[in-house]
Amino acid sequence: MKNRFLNVRGQYVSFLRDAPKFGILANSDVSEAEWQASVDEFVTEFKDRQLTMADATPYLHLYDLMTGRHGERNMRYVFVDEIQDYTPYQLAYLKASFPKAKFTLLGDLNQAIFTKADSHTLMNDTSKLFDPDKTRVVQLTQSYRSTAQVTDFTKAILHSGQKIVAFNRQGPLPSIRVRQTEAELMTALAAQLEINDAAKQTTAVIAKTLEDAEAIYEQMRAQGIAATLIRSENQRLASGVLVVPSFLAKGLEFDAVIVWQANKANFNREDERELMYTITSRAMHRLTILASPDLSPLLAEIPSELYTQD
């Protein structure tokens with residue numbers, strides 16, 4: 001019966017309803033009507049036992065405050081991987097949850113798929129959580145995954161890519177192929193798969209979204225191209241050609257990568273630069289970028305000597 005009288009969900013919803021009164025919308029593009037609509041959506045999803053990552057941390061924080069929970073004080077070491085996909089608030093909550101622990105935070109801020117541009121200030125924001133006299137920052141710049149050609153190409157996508165040092169393993173230059181129609185692009189895809197298969201290279205066709213991945217997978221099936229569609233992070237990676245949405249590609253590596261529809265419609269915002277880098281840097285030996293009817297502006301500044309184009 002302990003704490004049964006507490007209604008954490010009700011308090012959290014009440015907090016969300018009243019949040020505009022605290023001025024949190026003042027510097028945002030979100031109207032109060034849009035905010036209240038998002039609260040209604042939260043209530044609906046919560047009734048279905050669903051809780052988004054955006055709400056999980058503040059909800060747990062409120063739960064701790066209401067129930068008097070003060071964290072796990074016996075934990076001595078905490079390792080956090082892929083730190084670029086955490087917000088400072090989430091990291092602060094982890095620190096409060098393990099108040100006696102020493103922290104090791106690992107990550108590549110260039111691969112921030114979920115936090116996007118916010119990752120650029122993560123290092124500075126995170127440093128405020130820990131005693132600077134007891135904090136050591138180690139920057140690793142040597143890249144070992146890809147050939148020098150792939151690494152030089154992918155780091156050119158980033159504005160801060162000059163800090164990445166390529167490993168001296170040689171391979172073909174990345175290839176960019178722009179076609180007028182998607183039908184022509186499918187022909188280029190099939191031809192590249194034959195080249196990769198002949199080189200005995202495992203290929204991942206990476207699309208931006210799950211919907212895009214499902215669409216190209218069906219097109220490949222219609223043309224008799226055998227492949228496996230990866231829909232979730234828990235799915236086992238099969239042999240042969242894989243079709244992968246971009247948000248599942250982080251942390252994986254493949255002999256060859258074909259980026260599907262790297263066009264202006266899919267990749268045009270500056271905060272998608274890290275996403276493009278993450279996708280392309282999954283390739284260890286061969287990188288092919290396909291686009292129709294045009295190429296993403298995020299690739300426009302890459303020096304022409306770093307790739308081939310036909």
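Trainee: Is the crossing of helix 1 and helix 3 left-handed or right-handed?

Mentor: This is a predicted model, in which local features need a pLDDT of at least 70 and side-chain atom pairs count only at pLDDT 80 or more, while totals for chains, interfaces and linings use all residues. Residues are numbered from 1 along each chain as its sequence is written, and side-chain values use heavy atoms, with hydrogens and water left out. Helices (H or I, at least four residues) and strands (E, at least two) are DSSP runs numbered from the N terminus. A crossing is left-handed if the near helix is turned anticlockwise from the far one by less than a right angle, and right-handed if clockwise; the crossing of helix 1 and helix 3 is right-handed.

Trainee: Which residues of helix 3 make the contact with helix 1, and what word describes how the two helices lie to each other?

Mentor: The axes, which are lines fitted to C-alpha atoms over the stretch in contact, with angles running from 0 to 180 degrees between N-to-C directions, come within 10 Å and cross at roughly 120 degrees for this pair. The contact (heavy atoms within 4.5 Å) joins V8, R9, Q11, Y12 and L16 of helix 1 to D55, P58, Y59, L62, Y63 and M66 of helix 3. Angles under 35 degrees count as roughly parallel, over 145 as roughly antiparallel, 65 to 115 as roughly perpendicular and the rest as oblique, and helix 1 and helix 3 are therefore oblique.

Trainee: Which residues of helix 4 are in contact with helix 3?

Mentor: Helix 3 and helix 4 pack at an angle of about 35 degrees with their axes 10 Å apart, and their crossing is left-handed. From helix 3 the contact uses M53, T57, P58, L60, H61 and D64, and from helix 4 Y89, Q90 and Y93.

Trainee: Which residues of helix 3 are buried?

Mentor: Buried means under 20% relative accessible area, exposed over 50% and partly exposed in between, with a 1.4 Å probe and protein chains only. The cover over the buried residues of helix 3 includes helix 1 (8-18), helix 2 (32-47) and helix 4 (88-97). Within helix 3, the buried residues are D55, A56, T57, P58, Y59, D64 and T67.

Trainee: Which residue follows helix 3?

Mentor: Helix 3, residues 53-67, reaches 21 Å from its first C-alpha to its last. The residue that follows has a positive phi, near 80 degrees, and is G68.

Trainee: Why does W260 count as buried?

Mentor: W260 sits in the loop between strand 9 (254-259) and helix 10 (273-280), and its C-alpha is separated by 8.5 Å from that of L189, which is 71 residues away along the chain. Not counting residues up to four places away in sequence, W260 touches E182, L185, M186, L189, V205, I206, A207, I216 and L290. W260 counts as buried because its relative accessibility is 5%.

Terms used. The expected span of a helix is 1.5 Å times one less than its number of residues.
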